[in-house]
Amino acid sequence: MEMMRFLGACLLVFQAAAVLADDGDKQGAGLLDAGRLEKFVDELPDMPVLRGYGVGEGGMLVAGELTVGMYDTTWKFHRDLPATRVFAFGTSKETATVPGPTIFATRGVSTHITWTNHLPPRHFLPWDSSLATARPRTGVPTVVHLHGGVQQSTSDGHSMAWFTSGFSSTGPHFSSPSYSYPNEQPPGNLWYHDHAMGLTRVNILAGLLGAYRVSDPAAEARLGIPTGGGEFDRNLVLFDRDFTRDGALFMNATGNNPTVHPQWQPEYFGSVVVVNGKAWPFLRVRRRRYRFRILNASNARFFKLSLSGGLRFVHVGSDSVYLAKPVVTDDFLLAPSEIADVVVDFAQTAKTSGAVVLRSDAPAPYPGDPGEKADTVAVMKFLVSRKPEEHDPSVVPAAVLMPQYPKPDVREAVRTRRIAMYEYTKNGTDEPTHLYLNGRAYTDPVTETPREGTSELWEVINLTDDNHPLHVHLAVFAALEQRSLRSVDEFRECMQGSASGGAGGRNDAEACGLRRHLAGGRRHAVPRQERGWKNVFKVRPSTVTTLLVRFRPLEEEEEDDGKGRSGRFPFDVTAGPGYVYHCHILDHEDNEMMRPMRIVR
């Protein structure tokens, strides 16, 4: 299978010239100068809503049945850009959007979705076949993962369960395009996206992503914060993109190590910030509280978000779970795939001010060089009504939000695992060729086999210079501490052994003196808004991050029912192809910074 090319003669010429990733070379190749796009001219859209439940007799909620397709279509990202070719989710080609429709599910009511692939025989973005990737006879492979969802692995979007249009090709773990989501989990924020092996970064860049909510109307109404959707409860889906002058999506077609990987680059960064499918949009708001469920859906960009005018964020949730109590911040860091659930009170805006800008000042790549100061970039603008402050029935509770969640307790851990993160480079260069977890390829045999109903301590050892957002499917976890390694080069050399340019290596933290290298190392505080249960956590470079990973439902502790089902999920976790854990920088995930995981009983 040859590497995919851009479609259209002008794009073929453009691709041939696109060799380097720096702005000067991109400009010479026909990249759009993002500075020429006027900011804040497109209004923030609300994406279409799909109800993930039905209504039966007497108004009782019943399981929902949806069919959601993936379509080859166009989307307007900016007033002054031509319509852009994208792959998009929708119930039809005419209604498909980027991001896709927001799916509203209800806790305890199943949602059944049939995902359909209507994509063309070839991709319109570069496709690097030198990676461990899906290899169809024809068509664009896709498979959908519900990120943060608690579902059987047959419905988890396994990377090898991909399929193409008309099922002309299917992956080795494909069984059905129809997935069942029990929604037997606490209310919170999730998202769905493509998860095809070696193509996740490309398919998401093309537009295959969308938001998903699990709600518990009775429990959430008692909180007093805006909820249920509508004007005051909005999803904000953030990502970055580059465009050519004719409006096409740009993805570099030449790799940093082209003799190893012709197209793969370690990270993708775009110069245009997109929110809900619009570049630098605006939103008119009233002088009252609004709730924003902010998802970073970028391939690799971190956002460090703040608000102009001295406004602050009140965090009520992180990823898919409510916090134990609200946390107030002036700014916060959001990694790829993380979700921050915040309340902003625009009544605090100065009476003379008519605008508040959401902005970011995170380096790219993150964390950047020591002492590097990143530019502050706009994300979107809020146009605040000049009318007097209105009556606002919403409140932010000062005390506990959701008291039923168990507190992280290290005594629950039945064992400790060590997960080491490696980046390998081509001999004689600093250019990465691939990234592994524990020195193993994705296709190597399973080594992580947690037991259902238990918790484990994972010591995640980051031996790279990047911050890696670690995501574990099915489970939630709590970050207990982060400590810097001392003499990290010495420790890395021992851990990699003779495998500095490839796989394998020693990978024996005990033999390499982990405790000695941690002694006296700096302790990094876990941000207060990230001290609850999460499914993504930012693993700092040259640190060991200790996570308490929970392989049981997150709910009130219950006594065994006499049938041995205490701590069990409402489905067979041993069935199907199994789960995975991985770095959620998509370019890393696609180059095998992902490992299989099988739950046992």
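Analyst: Happy to! A salt bridge here is a side-chain nitrogen of Lys or Arg within 4 Å of a carboxyl oxygen of Asp or Glu. Please keep in mind that this is a predicted model.

Let's start with helix α5, which spans residues 488–496. Within it, R492 and D489 sit three residues apart, about one turn of the helix. Their side chains meet in a salt bridge, with 2.8 Å from N to O. R492 has a relative accessible area of 18%, and because buried means under 20%, R492 is buried. D489 has 53% relative accessibility, and since exposed means over 50%, D489 counts as exposed.

Helix α5 also holds E490. The side chain of E490 meets that of R516 in a salt bridge, at 3.4 Å from N to O. This pair links distant parts of the chain, as R516 lies in helix α6 (residues 514–518), 26 residues apart from E490. R516 counts as exposed at 51% relative accessibility, while E490 is partly exposed, with a relative accessible area of 43%.

E338 is in the loop between β20 and β21, and K538 is in strand β30, 200 residues apart. Both E338 and K538 are buried. These two also belong to a network of salt bridges that links them with D319, E530 and K534.

Technical notes:
Residues are numbered from 1 along each chain as its sequence is written. This is a predicted model: local features need pLDDT of at least 70, side-chain atom pairs count only at pLDDT 80 or more; totals for chains, interfaces and linings use all residues. Side-chain values use heavy atoms; hydrogens and water are left out. Helices (H or I, at least four residues) and strands (E, at least two) are DSSP runs, numbered from the N terminus. Buried means under 20% relative accessible area, exposed over 50%, partly exposed in between (1.4 Å probe, protein chains only).
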